[in-house]
Amino acid sequence: MSTLDIRNLQVSVNTESGAVEILKGVDLVIKSGETHAIMGPNGSGKSTLAYSIAGHPKYTITGGSVTLDGADVLEMSVDERAKAGLFLAMQYPVEVPGVSVSNFLRTAATALRGEAPKLRTWVSEVKGAMEALSIDPSFAQRNVNEGFSGGEKKRHEIMQLELLKPKIAILDETDSGLDVDALRIVSEGVNRAKDSNNLGVLLITHYTRILRYIKPDFVHVFANGRVVEEGGPELADKLEAQGYAEYVGN
């Protein structure tokens, strides 16, 4: 059982006119096997939360704490956070020219496991993950995210999720740019990872359509840099019907 514990997290970003506070005291606890959905309007700080936990240098932590199983995440380097069991699926995955998907995945697995996976076993793992996500085998030889469609980028990230087996996954608008078929396939991959590895999931989204496939245990409404309401799946239904107007300005 793993626990990601976020307490009173405060984050700012530097701009030409000075530091701007974005997160204003966020409290969240995500445990193994739980799915937490964070919903809220544009600019409310949802993606800032994801990138701050992952260690993006753009963001400055000005207060609060983040721990994973008692270890101080904020004192870890980015690669140390990954080795500790944190995984971030980005809204806009970056291209890595000159590095094939196959080499990227095996290098990542080697770094996390401390030794290179046995080739025969690894090939079987990758093949199974690709088949489950309806990915053509030739995909493994392409450069990471180079020329990928939006759906291919998201499938690749979920393939990483299934193969690398983190403790806690932070999924930043994974539904962005996906058609109905791709959304279903990607969601099924998240559900497989959760069920097989007792994964804890922090799912950031604007819309409820992905929640029809990935059922949240908890829903948190984000507005103006903090959590302003919490509930169960029924809260997502309320947001679908009424929108975020009542929370703007909180």
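Mentor: Two strands count as paired if DSSP finds at least two bridges between them. Keep that in mind for β1 and β4. The model is a predicted one.

Strand β1 covers residues 3–15, strand β4 covers residues 59–68, and the two pair in the antiparallel sense over eight bridges. One place to look is Gln-10, which stands opposite Gly-63 in β4. This pair of strands belongs to an open sheet of four strands, in the order β2-β1-β4-β5, with antiparallel pairing. At its edges are β2 (18–31) and β5 (71–72), each of which pairs on one side only. Helix α1, made of residues 46–54, lies across β1, β2 and β4 and runs at about 105 degrees to β1.

Now compare strand β3, residues 35–39. Five bridges join β3 to strand β10 (residues 200–205), and the two run parallel. Four bridges join β3 to strand β11 (residues 218–223), again running parallel. Ile-38 shows both links: its bridge partner in β10 is Ile-204, and its bridge partner in β11 is His-220. Strand β3 is mostly covered, with five of its five residues buried. Thr-35, Ala-37 and Met-39 point one way from β3, while His-36 and Ile-38 point the other way, and all are buried.

The axes of α5 (residues 150–164) and α6 (residues 180–197) come within 9 Å and cross at roughly 10 degrees. Angles under 35 degrees count as roughly parallel, and α5 and α6 are therefore roughly parallel to each other. On the α5 side, the contact includes Lys-154, Arg-155 and Ile-158; on the α6 side, it includes Ala-182, Ile-185 and Arg-192. The residues of this contact divide into seven nonpolar, two polar and four charged.

Last, the setting of these parts. The chain has seven helices and twelve strands. Its radius of gyration is 18 Å, close to the 18 Å that the globule rule gives for 250 residues, so the chain is as compact as a globular protein of that length. Along the principal axes, the C-alpha atoms fill a box of roughly 55 × 40 × 40 Å. Of the 250 residues, 48% count as buried. Among contacts between residues at least 6 apart in sequence, 71% join residues at least 24 apart.

Terms used
Residues numbered from 1 in each chain as written. Predicted model: local features only at pLDDT ≥ 70, side-chain atom pairs only at ≥ 80, totals over all residues. Heavy atoms only, no water. Axes fitted to C-alpha atoms, helices over the stretch in contact; angles between N-to-C directions. Parallel < 35°, antiparallel > 145°, perpendicular 65-115°, else oblique. Contact = heavy atoms within 4.5 Å. Nonpolar A, V, L, I, M, F, W, Y, C, P; charged D, E, K, R; others polar. Buried < 20%, exposed > 50% of the residue type's maximum accessible area, 1.4 Å probe, protein only. Rg over C-alpha atoms; globule rule 2.2 N^0.38 Å.
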